[in-house]
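Visitor: Please take me through this model one feature at a time. I would like the general idea, then the case.

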Amino acid sequence: MNPALARHLQTLGLERAPFPPTPDAAAYFQTPQLERELVEAAHALRTRAGFVLLTGEVGTGKSTFLRRLLHSLESEGMAVSLVFNTFLQGADLLAAVLRDFGLEPQSNPAADIERLNRFLVERWQKQATCVLVIDDAQNLTVESLELLRLLTGLETGQEKLLQIVLSGQPELREALDQPRIRQLTSRICKHVRLEPMDAAQVGRYVAFRLAASGAGEGIVLEPDAAAELHRASGGNPRRIHLVMDRCLYGLYAQPAGRRRIGAGLVRAAAAEAGALPAHRRRPLPLAAAASIGVVACLVMAGLALRSPDSHAEIAVAAATTAAAAPATDAIAAHWQACLQRFAHGQAHLQPVSEAWAQRLQGRDDVCLRREGDGWTAAWPVTLRAEHFLTGGQDARVREVQALLLGDGLYDGELDGRYGPRTRQALARFQADQGLPATGAPDPATLWLLELRLSAPVVSASSPTPTESTHHGHG
């Protein structure tokens with residue numbers, strides 16, 4: 001790590017950069033919607049059901065989603081070819097696919113397809129799945145998409161030999177709607193759409209990123225600042241990182257241990273970052289023109305922050321947001337302490353209904369916070385979706401199967417595999433609990449299963465939520 005950056009983080013009490021400019025799968029903000037999409041995409045590829053489409057605007061997390069998906073696939077021994085340079089078209093694209101599978105192209109498309117087919121058959125005979133992932137696929141020409149259609153036609157007569165994931169911006173969906181390639185489009189078995197975050201999710205996302213970086217209760221994003229951040233970023237994670245990274249430099253004017261990010265600081269950071277829509281931008285005072293950018297340069301240079309422009313907008317905003325009501329401080333501190341306790345992926349954040357929030361009140365393994373008209377809950381989960389993503393036998397999945405068998409919801413072998421029977425049993429369990437019957441191991445379902453596994457005999461006073469959760473997305 002850059003020494004100046006390390007000093008900057010250390011000054012703020014951080015162990016790592018909370019808002020890096022590059023995808024960060026190590027601290028993944030998992031929502032029930034994303035968890036379900038990830039499980040279903042992996043399941044579609046594992047069962048060779050067709051090809052998967054992933055679309056989203058720039059900065060909505062497609063690369064991070066792909067990294068998590070590929071990690072689950074490669075851990076199962078699948079052969080994966082990942083093509084980033086989609087400016088390669090036709091025969092050049094085919095040659096790149098062969099090279100990524102470890103094959104030498106023959107400079108002849110017909111010969112290359114035949115060689116690829118032999119490779120895929122050999123892998124199929126060894127019961128290994130081959131996956132081709134193409135990122136930025138919106139750049140592919142119709143001719144290249146037609147080539148992919150030919151590759152999806154490689155089969156044994158029983159199963160497709162090559163599974164394909166196409167990832168790109170929303171215009172990729174429009175390209176696939178062309179009549180000329182309708183045969184390719186008809187083979188889409190799963191379409192994952194990554195949408196921007198809503199206002200409530202933006203606040204939870206920032207709290208999660210700060211907690212995962214070691215901030216604890218030392219840095220807090222005020223509710224009105226979260227709303228301002230949503231307006232400035234449109235809920236786009238990449239723009240959120242851009243604004244929040246600049247906000248961190250505005251915290252030096254505040255005392256350590258109670259640094260607060262207010263709406264004024266977010267507005268100044270957004271204007272400096274160019275994140276605000278043009279019609280909402282306001283000219284900054286001359287002193288503020290030096291604000292965040294200059295402060296950042298001073299910090300990175302290791303200089304003392306004693307600028308005569310301390311009355312600039314960024315400093316004023318930071319000082320203003322430091323004065324918060326004691327009650328708000330206590331609520332925020334309690335929530336941050338909860339997230340700190342569950343940091344590094346040991347808990348899930350979940351929007352819940354009013355009725356369910358009432359049932360969860362008083363539990364020492366759940367933290368609750370009211371956000372607007374709804375509630376957000378955080379709880380630890382050791383039974384995780386990754387147990388269902390292995391593609392092989394898993395002891396925790398076998399425990400779930402045994403539990404569901406005892407409830408009369410599962411009628412298969414206790415093989416520890418997440419197959420069609422287990423998926424159907426999970427859907428029945430979810431329906432009994434008032435959850436959407438998707439059959440996917442989302443955080444709420446996993447938590448309810450874990451409660452049952454740890455306490456098979458449930459007393460009448462134990463919470464048995466019957467209200468559906470309100471699933472969000474990232």
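Visitor: At what angle do the axes of H11 and helix H12 cross?

Guide: Terms come before the answer. Helices (H or I, at least four residues) and strands (E, at least two) are DSSP runs, numbered from the N terminus. Axes are lines fitted to C-alpha atoms, for helices over the stretch in contact, and angles run from 0 to 180 degrees between N-to-C directions. Here H11 and H12 (residues 263-273) cross at roughly 120°, and their axes come within 8 Å. This is a predicted model: local features need pLDDT of at least 70, side-chain atom pairs count only at pLDDT 80 or more, and totals for chains, interfaces and linings use all residues.

Visitor: Is the crossing of H11 and H12 right-handed or left-handed?

Guide: Take the near helix. Turned anticlockwise from the far one by less than a right angle, it makes a left-handed crossing; turned clockwise, a right-handed one. H11 and H12 make a right-handed crossing.

Visitor: Which residues in H11 meet H12?

Guide: Contact means heavy atoms within 4.5 Å. From H11 come Leu242, Val243, Arg246 and Cys247. They meet Leu265, Val266, Ala269, Ala270, Glu272 and Ala273 in H12. Look at Arg246, which sits in H11 (residues 237-249). Its C-alpha atom is 8.6 Å from that of Val266, 20 residues apart along the chain.

Visitor: How does Arg246 count at 26% relative accessibility?

Guide: Buried means under 20% relative accessible area, exposed over 50%, and partly exposed in between (1.4 Å probe, protein chains only). At 26%, Arg246 is therefore partly exposed.

Visitor: How do H4 and H5 pack?

Guide: Their angle is about 30°, and their axes are 10 Å apart. Angles under 35 degrees count as roughly parallel, over 145 as roughly antiparallel, 65 to 115 as roughly perpendicular and the rest as oblique. So H4 and H5 are roughly parallel to each other. H4 passes H5 in a left-handed crossing. On the H4 side, Ala91, Leu94 and Leu98 make the contact.

Visitor: How many residues has the largest nonpolar core?

Guide: A nonpolar core is a set of buried Ala, Val, Leu, Ile, Met, Phe, Trp, Tyr and Cys residues joined through side-chain atoms within 4.5 Å. The largest has 34 residues. Those with the most contacts inside it are Phe101, Leu116, Leu132, Leu145, Leu148, Leu166 and Leu176. Elements that each supply at least two of its residues include strand S1 (51-56), strand S2 (79-83), helix H4 (90-100) and helix H5 (109-125). H6 gives the most, with five residues. Apart from this core lies another, of 33 residues, among them Ala212, Ala215, Ala225 and Leu265.

Visitor: How many residues of H6 are buried?

Guide: Eight of 11, so H6 is mostly covered. They are Val142, Ser144, Leu145, Leu147, Leu148, Arg149, Leu151 and Thr152. What covers them includes H4, H5, S3, S4, H7 and helix H8 (182-185).

Visitor: What does Leu132 contact, beyond its neighbours in sequence?

Guide: Leave aside neighbours within four places. Then the contacts of Leu132 include Ser81, Val83, Val97, Leu148 and Leu151. Now turn to Cys130, found in strand S3. Cys130 is buried, at a relative accessible area of 0%. Not counting residues up to four places away in sequence, Cys130 touches residues including Ala79, Phe101, Phe119 and Leu162.

Visitor: Which phi has Arg48, although it is not a glycine?

Guide: Arg48 has a positive phi of about 55°. It lies in the loop between helix H2 (32-46) and S1. Arg48 is buried, at 13% relative accessible area. Asp136, likewise not a glycine, has a positive phi of about 55°. Its place is the loop between S3 and H6. At 31% relative accessibility, Asp136 is partly exposed.

Visitor: What share of the 474 residues in the protein chain is buried?

Guide: Buried residues make up 53%. The chain has 20 helices and 10 strands.

How values were computed:
Residues are numbered from 1 along each chain as its sequence is written. Side-chain values use heavy atoms; hydrogens and water are left out.
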